[in-house]
Each structure stands twice: as structure tokens, then as C-alpha cells.
Amino acid sequence: MRLEPRSNVPVHLAVLAPAGAVVLALALTAIPLLWADVPVAQAYALIFEGALGSRFALTETLARATPLIFTGLAAAVAFRARLWNIGGEGQLYIGALAAVAVGSGAIAAPPMVMIPMILVLGALAGALLMLIPTLLKLRLGVDEVVTTLLLNFVVLLFVSMMIEGPMKDPMGMGWPQTAPMIDEATLPKLIDRTRVHTGLILALVAAVVVWVLVNRTTWGFEMRAVGASPAAARFAGMPVARVMVRVGLISGALAGLAGVGEVAGLKGYLTLDLSPGFGYSGIVVAMLAQLNALAVVVSALFVAVVFVGADFMSRSIGVSNYLANLIVATSLLTMLAASLATRYRLRLR
Amino acid sequence: MNEILEILLSVSFWAAALRIASPLILGTLGELVCERAGVLNLGIEGIMTAGAMAGWMAVYQGADLWTGVAVAAAIGMILGFIHGVFTVPLGLSQHVTGLGLTLLATSLSYFTYRMILPDVPSPPRIEAFQPLAIPYLSDLPIIGPAIFEQTPLTYFALIAVAVVAFVLYKTPLGLAVRSVGENPAAAEAQGIDVYAVRIGAVMVGSGLMAVGGAFLTMSAFNAFFFEMVAGRGWICIALVVFASWRPGKALLGAFLFGAFDAFQVRLQQVVGGDIPYQIFLMLPYLLSILALIVMSRRAAYPKALMIPYRKGER
Amino acid sequence: MNESVNRKPEDLVLRLRGITKQFGDLVANDAIDLDLARGEILALLGENGAGKTTLMNILFGHYVADAGEAHVADASGTLAPLRGGSPNASLLAGIGMVHQHFTLAENLSALDNIILGTDSLFRPWQRQRDARRKLAALMDRSGLLVDLDATVATLSVGERQRIEILKALYRDARILILDEPTAVLTPQESESLFATLRRLASDGLSVVFISHKLAEVLAISDRVTVLRGGQVVANVAAAGTDGPRLAEIMVGRPIPPTVRQPMAPGEAVLELAEVHVPGEHNRPALTDANLKVRRHEIIGIAGVSGNGQAALSNLICGLAAHDHGRFEIFGRTAVVGSPGRMIAAGVGRIPEDRLHDGIVNGMVVWENLLLEDYNRAKFVRAGFLRHGAARANARQVIEAFDVRCPGPEAATHLLSGGNIQKLILGRVLNREPGLILANQPTRGLDIGAVTYVHSRLLEARGAGAGVILISEDLDELLTLSDRIAVLYRGRLSPAMATEDVTIRRLGLMMAGQTSEGAAADAA
């Protein structure tokens with residue numbers, strides 16, 4: 001019995017692998033559920049009901065998927081070029097902070113001006129934050145995994161400092177939160193009286209743009225070459241450092257946009273619980289999508305289903321909603337194992 | 001200035017430094033063992049969380065403290081086994097597997113904690129490890145109370161450093177571990193089972209990390225809080241680079257780090273409200289990044305670190 | 001043609017019967033039989049891809065044979081079956097192997113590398129003193145002297161090879177397998193290796209010597225087994241055969257000799273004057289190099305690997321920069337340190353490590369063929385790649401350079417070494433570069449691919465390119481080069497007309513003699 005590399009990934013496997021991984025993940029997470037005497041089938045049924053069972057549930061899922069598409073794209077772009085940006089969480093918060101800094105009353109202008117401005121500023125903030133680890137990697141050889149991870153903590157403390165200090169809402173009755181976004185700087189709702197906002201459209205557009213960028217442009221060609229083999233890319237005359245910086249900026253910007261969307265489309269003001277780990281979940285989203293930007297949309301929807309549904313399930317039968325994190329984390333590992341099946345063929349003899 | 005001197009001269013400061021350093025010593029040592037065998041273990045953050053939860057929970061359920069430590073170590077080794085199987089024989093990305101393991105171990109810990117203790121208003125407490133004065137040694141001036149009046153888990157950490165250093169440099173097993181991290185093909189050509197040695201090293205390293213996590217709930221505090229590991233795992237990874245993959249230097253690095261942390265806490269009290277407290281809390285993370293910047297250029301990585309090995313391919 | 005070599009079964013230390021190994025559709029070993037007697041030096045001859053390395057990897061437990069059986073004599077001399085698939089079992093059976101690419105951990109000491117794995121892993125400490133005593137005796141007896149406490153990274157290629165042999169001897173190997181051991185040595189170092197092997201054989205050690213070089217096979221071995229296409233095609237006593245006969249058996253068909261027509265060189269395409277390239281890790285880089293390459297001319301660079309070839313190659317590839325001296329390409333000062341600028345200037349580069357630098361693993365054939373051209377106007381429109389044009393380009397190169405692959409969409413890393421090299425040649429030569437740097441262009445290729453690469457390089461020379469050929473294969477250098485220079489510790493000798501050069505003289509220069517001294521000594 002041995003593994004033989006496949007020359008090409010068959011299409012059916014590219015679809016089956018993530019699906020199989022998810023099924024396997026659900027089966028594996030059933031083990032702790034059984035151990036805790038939870039009715040597994042009911043719990044899973046409630047998850048799907050809670051996420052897809054009603055119009056309201058569906059809109060909640062879409063709202064939850066929006067930031068996940070952004071952070072998933074951020075991870076997918078970076079990982080494609082082997083730039084390990086694990087700092088999506090920090091970039092999300094810094095993007096949100098930038099949006100709030102100008103959008104909560106500092107400047108007043110019509111939405112035509114305000115909304116592009118907060119989007120650009122949020123993206124820029126995320127991009128610049130990611131520039132630090134990228135340059136440290138390129139200039140000084142510092143591993144970007146650890147620096148992006150550590151910067152997440154620094155950014156969160158910085159945001160905490162700002163919302164307890166200079167940016168604290170004077171009308172907030174002492175709560176650590178910023179002043180709310182003014183109406184002109186609020187992303188319009190996509191469907192009235194729900195939480196789905198135009199950020200979803202932006203996320204979908206971003207997915208298409210990223211896909212075209214990676215697969216159809218010379219920039220994408222460079223990114224893929226640098227990611228697959230930096231030595232060969234350099235030997236062939238590609239500007240490896242410039243490509244890495246470009247990738248870092250794009251990745252950081254996408255994560256920053258996730259923050260803008262959440263604060264300007266959903267929450268309205270910035271607190272320290274803006275993101276329940278969207279930056280980290282984005283890594284799972286990207287891996288489930290096998291780093292394909294269009295597939296990121298699908299996998300973000302899946303992860304959103306799990307999170308929204310688990311909240312509902314938790315309220316119904318009292319099983320901790322950390323089950324959602326458990327399912328998502330397990331899917332990442334099963335997806336990794338399943339990726340072997342797409343790259344290798346098992347030969348028995 | 002006087003206050004700063006006062007801090008640096010106080011015995012309690014040095015004792016606190018070693019106490020704060022203890023989980024970092026264990027975590028760094030665990031990561032070092034994994035990386036010496038060529039495997040980056042980004043599961044460390046989750047493994048420390050799992051160790052903290054499992055060890056504490058075992059004691060809370062009635063086990064004695066050392067059984068709790070053993071439970072934590074066993075959980076760590078199981079998680080390490082998963083990491084080892086994924087990254088060594090399957091050769092999957094060490095980065096992604098490690099992060100996945102961190103997500104898995106963390107969510108599993110939180111989920112388990114919530115399932116066992118669904119509605120507790122405040123985190124329940126256990127009777128944690130108490131400081132144990134070592135006879136005679138604790139009578140030494142300054143060093144005595146600073147080093148030899150710690151909890152048993154700190155002594156465990158210090159002994160672990162010596163044991164790991166001895167094994168790595170003086171025994172055939174240590175040579176095998178170093179060789180699979182430097183050149184697995186060379187090790188295989190000498191009859192070493194590369195997969196077994198790598199998986200074994202990752203398991204032992206992960207066990208050490210988990211005990212480092214357990215230190216938090218069973219020695220530093222006496223309860224389990226969500227997010228209590230707070231990036232210590234990532235700091236340990238930076239410390240391994242800082243230590244150039246040497247156990248002695250890892251001890252030194254972790255201790256300096258603990259001293260710095262103990263110092264900033266005390267300085268915070270002195271400087272008081274002039275500077276936001278978040279600035280002080282940021283310092284450990286920034287210091288870790290700084291350590292990486294200073295050391296990265298001269299770091300002598302284990303040559304095969306992060307490179308999967310397939311048998312028979314050279 | 002098998003001449004029966006009569007020997008008593010009790011003399012056998014190794015007996016292989018029907019060893020078969022298949023990789024996908026390729027039968028690497030096809031029912032191979034092989035005997036080895038005590039104290040015998042057996043040469044395993046065959047061109048690249050004939051199955052020699054596969055056979056030895058099976059014997060050493062890296063691969064498991066699909067069929068066949070192997071017996072090895074134990075300490076008492078009785079043949080016992082060898083458990084397959086376990087290097088440890090092979091080591092215990094007394095088989096020692098020196099791989100072509102050394103298997104040494106560079107950051108460990110020579111001693112650590114030798115004793116690694118010889119003690120039980122769970123022994124509480126190492127028996128270093130006993131090891132040193134035993135090694136001192138071994139070194140004394142075999143003449144293989146090594147500084148045991150030196151870190152391997154600081155040692156020369158020759159020293160590393162001695163460590164490799166000591167590793168086997170330390171484990172009391174009764175069979176020593178050497179895979180292409182002379183590929184990295186100067187001719188004189190090879191001589192000294194042969195002397196050592198003969199001494200060890202007379203002590204009772206059995207040696208399998210794998211090579212594709214006829215002359216040395218005849219010089220060292222008692223018996224020659226020739227492999228071709230995975231099969232044993234001859235098994236003859238070395239004394240009863242000769243080079244031309246072996247060559248014909250080895251290749252199985254007449255090889256058209258590569259002929260270099262004399263040509264009048266044109267204007268200079270590359271000029272180095274007093275060029276100095278800084279080195280890394282105190283390795284020799286390039287010091288005060290002077291070299292002129294003209295159109296219609298191939299300049300061969302000889303030297304033991306690690307003597308500055310990397311610095312010279314990197315400089316011309318655009319990966320490294322010189323810190324003083326004059327470096328001109330096509331009469332203009334070269335912009336160094338940028339591979340892109342070198343390509344744009346008209347330099348074609350064939351990298352030494354074709355899998356690492358030459359192709360992007362994970363990209364398909366058309367993408368790899370586009371690596372140096374993706375920014376050219378005919379492949380880009382407003383930042384978007386023109387996939388149609390790129391694929392058409394790929395089809396043209398595949399056709400023109402005879403790249404055997406399913407098509408432009410094929411996964412590059414699954415192609416054979418020869419086809420990958422053809423792909424790189426196609427990418428490079430399609431741009432019609434005026435200056436070509438070919439660094440070890442035929443290493444590891446089978447003879448068909450080697451001939452192809454040679455003919456293409458000569459064709460480029462004929463079309464007006466100047467070629468720098470860096471190679472460790474002296475025969476290749478003597479066949480292709482118009483002039484040859486030698487690199488030793490970062491110093492480049494003056495280029496000598498090939499007609500004035502002998503292998504012996506090159507060898508002396510590769511070991512550090514000046515060209516005049518070497519000429520006098522070689523005469």
C-alpha cells in the first residue's frame with residue numbers, strides 16, 4: 001500500500017474532499033457529545049434548523065458569513081503565496097478602529113463620501129498592520145506566524161486602550177465602547193429589519209476580484225509561483241519581495257474590511273467583542289475552500305451555519321455553543337487529511 | 001529611580017519572576033523538543049489550554065494534585081500524537097495542522113468545561129500546589145527565598161530543563177532526536193526510525209507544554225478561566241528562537257521574560273495612572289517580537305525544521 | 001552474455017535472486033540476480049536510469065522489492081534471508097552504504113554522525129570513549145583519517161566521504177556499497193579512494209562499486225555487472241573485457257559521438273576582470289576572477305564542487321553581486337544581483353538544481369514555460385495573462401524541444417529528469433540568449449537526454465551564443481569545451497585550450513596546483 005502523487009486533481013474529488021471532511025468532522029464531534037449524553041442527532045438537527053430553518057435564521061447566517069468571507073479571503077490570498085498571515089483577528093480590529101475613528105462623528109459628509117472613506121481607511125489600516133510582519137520577514141527573516149499571532153494581542157490591547165480612553169463614548173454610560181457610527185457612515189441594510197447589510201455584496205465582489213487576481217493576472221501568476229517555490233520564482237526573475245509585500249497588503253486589507261463591515265454594517269459601534277474569532281475562523285474557511293477564492297464563499301457559509309445554528313441549539317437544549325468551535329476546528333483537521341486524497345492516489349498491491 | 005531599585009532588590013520580585021517564568025519554561029522546553037526533532041508545533045497554545053483545563057478538572061473531580069499533572073501530561077501527549085501523525089508520516093503542513101490543533105484543543109477544553117460545569121456563577125477553586133521550602137537551600141540569603149520557596153511544579157520545570165539538556169546532548173536518544181531534526185535521511189541511513197523518533201519527540205514536547213498549562217490552574221492560580229493562556233504559547237515559540245534551540249538558554253530566556261513581566265507589574269503600581277494599563281500588558285508581546293528580531297538573523301535553525309520527510313526519498 | 005564465474009557458495013556474502021521493482025509503469029529492476037563474494041570488488045555499471053540505485057536502495061531497505069529474495073551472509077558466513085524495507089535490518093546484516101548524496105547531518109560532529117544509531121536508543125548515556133578507541137584503530141588500519149570532533153559543515157567533500165566509509169566500517173560492515181563515489185572527487189582523490197578500497201577488500205571486505213564511468217570501473221573492480229533497462233545484461237570478469245565493449249553493452253546501441261566542430265570565436269559576450277564575489281560561511285567565493293567568453297565558444301569550468309562554482313554561477317544568474325572588479329555582458333557593465341535584469345540582458349541560465357530553481361513544483365507545464373516570459377507583451381494584456389498565447393507557446397516549445405509530456409496542462413514535477421531539463425532548455429533557448437550559463441546541465445540524466453542537451457548546447461554555440469559550462473564530469477568538459485578553466489578555492493585559472501589539457505592535468509589543478517605546475521607534473 002502506498003501513496004502515488006496524482007498528476008491532476010479530478011473535479012469530483014475537489015468537491016468531494018471538503019464535503020467528506022465536513023461529514024467526518026461531524027462524526028468525530030459526535031464522540032464528545034455521546035460521552036456527554038447529548039442526543040446527537042437532535043443537536044445536529046437543531047444546528048441546521050437554527051441556521052437555515054427560517055427566513056430569520058437564513059438572514060442571520062448570511063450576516064455571519066459576511067466577515068468570514070473577508071477573513072477567509074485574507075487567509076486564502078496569503079497562504080497561496082505561503083505568507084502565513086495568522087493576524088486576521090488583529091487586522092479586523094484595526095480596520096474597525098479606523099472606520100470608527102472617522103465614522104463616528106469626527107467627519108460629517110454624505111454617504112457617497114463617508115462609506116468609501118471608511119472602507120478605504122479600514123482596508124488601509126489592516127494592510128499597514130500586515131506590512132509590519134511582512135517586512136520583518138523579508139528584511140530580518142523573522143517568522144511571520146509568530147509575529148502576526150503576537151500582534152493580535154497587541155492590537156486587541158490597543159483597541160481596549162482606545163475605547164476606554166480617547167475614543168470612549170461619552171454617552172455610553174461608562175461602558176467600554178466607542179461612539180456609534182453616524183448614519184452617513186453606516187452600511188445600508190440589504191434586507192429591511194434583518195442584520196444582512198451591503199457588506200455581503202462587497203464580500204461577494206471581493207471574492208470574485210480575488211479569484212480573477214489570483215488566476216488570471218500576472219500578479220496572480222507571480223503570487224502562485226512565489227508561493228509554490230520562492231527559489232524558482234526568484235531564479236526566474238520575479239520580484240519575490242515585492243510580490244510578498246503586495247500579498248501582505250492585500251491580505252491585511254481584506255481582513256481590515258471584515259472589521260469595517262462588522263462595525264459599520266452590523267454593530268454600529270466598536271467593543272472588544274466585535275469578533276468572536278473571525279480572524280482565526282477565516283483560516284478554516286480558507287483551508288476548507290482549498291484556497292480557492294470562489295469556494296471561500298461556500299465554506300464561509302458553512303462555517304456561519306455551524307456558528308449560528310450552534311447558538312440556537314445551545315439555547316434549545318443547553319449544550320454549550322462551543323460545539324460550533326469544536327466542529328469548525330475538527331473540520332480543519334479532517335480537511336487537511338482529505339487534501340491528501342486530492343493530491344495522492346492510494347495504490348494497494 | 002529609587003522605586004525601581006527597590007523593586008529589583010526585593011526578594012518577592014525575584015520569586016515572582018521565577019513563578020511567572022515557570023509555565024514559560026515548560027512550554028518553551030516542550031516546543032524546543034518538538035523543533036529539535038524537526039517539527040514546529042503551533043498547537044502549543046491549545047495544548048497549554050487543554051493541560052490547564054484537564055489538570056485542574058481532574059483535581060476538581062477529586063484526584064490529587066500530581067494525578068492532575070499526570071492527566072494534563074497525558075492529554076498533551078495525545079494531542080501531540082495527533083500533531084505527529086498529521087505532520088510526520090502524512091507530511092501535512094506543520095503550520096496549518098498546528099493552528100488547527102490549537103483551535104481543536106481550545107474549543108474542546110472550553111466545551112468540556114462548559115458541559116461539566118454548565119452554570120457556575122464564578123469559577124470554582126481547587127486546593128492548588130503550595131510553596132515548598134527546600135531545607136537548607138531556602139536559608140541562603142536572597143537566592144534561598146527567591147528560588148527555593150517555590151511550588152513543586154516550578155522545581156519540576158527546573159529539573160525538566162536539566163533532564164532535557166542531558167538527554168539531548170549525552171544520550172543516544174538525544175543524538176537521534178537532534179539528527180532527525182538536522183537530516184532525517186542521515187538518521188534513516190543509520191537505522192533510526194525517523195517517524196517514531198519524530199512522533200515521540202512531539203508527544204513528549206506536547207506533554208511538557210500541557211504541564212506548563214497546568215501550572216497556571218494548579219500553581220499560579222487555583223481556577224480555570226477562559227483565555228487564561230493568553231498567548232503564552234506563542235511567546236514560548238519566540239523564546240525557542242531566542243534560546244537558539246538550547247535548553248539552558250531557554251531557561252534563561254523564560255526567566256528574563258518572567259523577570260520583565262514581574263517588573264512591569266510592579267512598575268505599573270509605581271507609575272500608576274499616568275500610563276494606560278494596556279501599555280504594560282502589551283509589553284510581553286512586544287518584547288517577544290523584539291526577541292525574534294534580535295535573534296532571527298543569527299539563529300541556527302535545526303536544518304530539517306518544518307520539512308516533511310518521506311521514507312526512501314532523498 | 002554471462003561468463004560463468006565459478007566460486008564456492010561458502011564464499012558468497014550476498015546473493016540476490018529475481019529482484020523486481022516497479023514504479024508506476026516503469027520497471028526499474030527486472031528479475032535481477034547478483035552474487036558477491038568475500039573480498040571481492042564488484043562494479044555495478046549502467047547509465048543513469050538503468051536501475052543501479054534502485055537495486056541498492058532495495059538492498060539497503062529504503063525500498064521494498066515487489067518480488068525476489070535477498071540473502072546475506074551473517075558473521076559466521078552462512079547465508080540468511082534479509083528482511084526488506086528496513087535500513088536497520090540491512091545495517092545489522094552487515095551492509096554499509098555510501099550514498100551519492102552524502103547522508104550526514106551537517107551541524108553534528110563527525111563522531112556523532114558515525115555513532116548515531118549504533119547504541120540502543122534508551123541507553124542512559126553514550127559510549128563515546130569506546131567509540132573513539134575503535135575509530136582510532138579503524139582509521140589506523142584503513143588510512144581514512146578524519147577529525148572526529150569537527151562539525152561536518154566545516155569539512156571538505158573528501159573528508160565527508162571518509163566519514164561515510166568510516167560509518168560503515170564502525171558498524172563492522174562486511175559489504176560496502178558505494179554509489180557513484182567518484183562523482184565529487186578529483187581524479188587523484190579517486191585514486192586514493194581506490195587504494196583504500198583495495199586495502200579493505202584484501203582484509204575481507206566485499207565492495208559494490210556503482211558507477212557509469214568505464215575507466216574507473218575497469219581500474220577498481222574484479223568483476224563487472226552491467227545493468228540496462230532494469231535488467232542484468234552482462235556479468236564479466238574485469239580482466240577479460242575492455243572499455244568499448246562495456247560501453248556497447250551498457251548503452252545497448254551505438255551512440256553517435258558528440259563532435260565539436262572547430263569554430264572561429266566572435267566578439268566577447270562576457271568579460272570578468274579581477275572580479276571578487278563575497279562568500280558565505282567562510283566558504284570560498286570568487287576571488288580576482290578573469291574570464292572572457294566570446295560568441296561561438298564554450299568555456300568549460302572544472303573543479304570539485306564547493307570551490308566557487310556557486311559564486312560564479314550566482315553572479316551570472318543574477319543571484320549574487322560582486323563587490324569589486326569589472327563585469328561586462330555584451331560589452332556593457334552588467335547590472336548584478338537581479339535575475340530579471342540578467343534575463344532581459346540576454347543571458348540564458350540553466351540552473352544546477354533543476355527541481356529547486358528550475359521549475360515551480362505545483363505549476364503545470366505551460367506555466368513553467370512562462371516563468372521568464374510572463375511579462376512580455378505577447379503574453380499580457382492590461383495586467384491579465386493571455387492564457388491562449390501562453391498555451392500556444394507551450395505547445396511550440398514542447399514540440400521543438402521534444403519534451404515528452406501529455407500536454408501543456410501536465411503536472412511538471414511528475415516528468416522525468418530528462419524531460420524537466422528539456423523543458424528548462426526550451427524556456428531558456430527559445431529566447432535565443434547570446435550568453436548561456438549551463439551549470440551541471442546533464443547531472444543525473446540518462447544517456448539519451450545527455451546527448452540531447454549536448455547537441456542543443458553545441459547548436460546554440462553554432463548559432464552564435466557564448467556558453468559557460470560548469471561541470472564535474474571531466475569527459476563532458478573535454479568533449480564540449482573550446483577552452484577550460486579550473487576553479488580551486490575561489491580562484492579561477494586562465495582558460496586553457498582543450499587540446500592542451502589532459503584529465504591528469506585537470507585533476508592536479510582541481511587539487512590546487514597552478515596550471516604551469518600541473519602541466520609539468522602531468523607531463
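Mentor: Helices (H or I, at least four residues) and strands (E, at least two) are DSSP runs, numbered from the N terminus. What you're looking at is a predicted model, where local features need pLDDT of at least 70 and side-chain atom pairs count only at pLDDT 80 or more, while totals for chains, interfaces and linings use all residues. Residues are numbered from 1 along each chain as its sequence is written, and chains are lettered from A and ligands numbered from 1 in the order in which they are written.

Let's go to chain C. It has an open sheet of six strands, ordered 6-7-8-3-9-10, and the pairing is mixed (two strands pair if DSSP finds at least two bridges between them). The edges belong to strand 6 (95–98) and strand 10 (231–237) of chain C; each has a single partner strand, so one side of each is left without a neighbour in the sheet. Ignoring direction, neighbouring strands here are turned by 20° against each other on average (axes are lines fitted to C-alpha atoms, for helices over the stretch in contact, and angles run from 0 to 180 degrees between N-to-C directions).

Now zoom in on strand 9 of chain C, residues 223–228. On one flank, strand 9 runs antiparallel to strand 10 of chain C, and six bridges join the two. One pair to click on is C:L227, which stands opposite C:V232 in strand 10. Strands 9 and 10 of chain C make a hairpin with two residues between them, and C:G229 in that turn has a positive phi of about 55°. On to strand 3 of chain C: four bridges tie strand 3 to strand 9, and here the two run parallel. There, C:L45 has C:V226 of strand 9 as its bridge partner. Five of the six residues of strand 9 of chain C are buried, so this strand is largely enclosed by the rest of the structure (buried is 20 or more other C-beta atoms within 10 Å of a residue's own, exposed 12 or fewer, partly exposed in between, with C-beta atoms placed from the backbone).

What about the helices? Helix 8 (residues 243–251) of chain C lies across strand 3, strand 9 and strand 10 of chain C, and runs at about 30° to strand 9. (Contact means C-beta atoms, placed from the backbone, within 7 Å.)

Leaving out residues up to four places away in sequence, C:I177 touches C:M56, C:L59, C:F60, C:I95, C:M97, C:V98 and C:V208. C:I177 also turns up in the largest nonpolar core: of its 402 residues, A:L73, A:V296, B:L239 and C:I177 touch the most other members (such a core is a set of buried Ala, Val, Leu, Ile, Met, Phe, Trp, Tyr and Cys residues joined through C-beta atoms within 7 Å).

Terms used. Contact = placed C-beta atoms within 7 Å.
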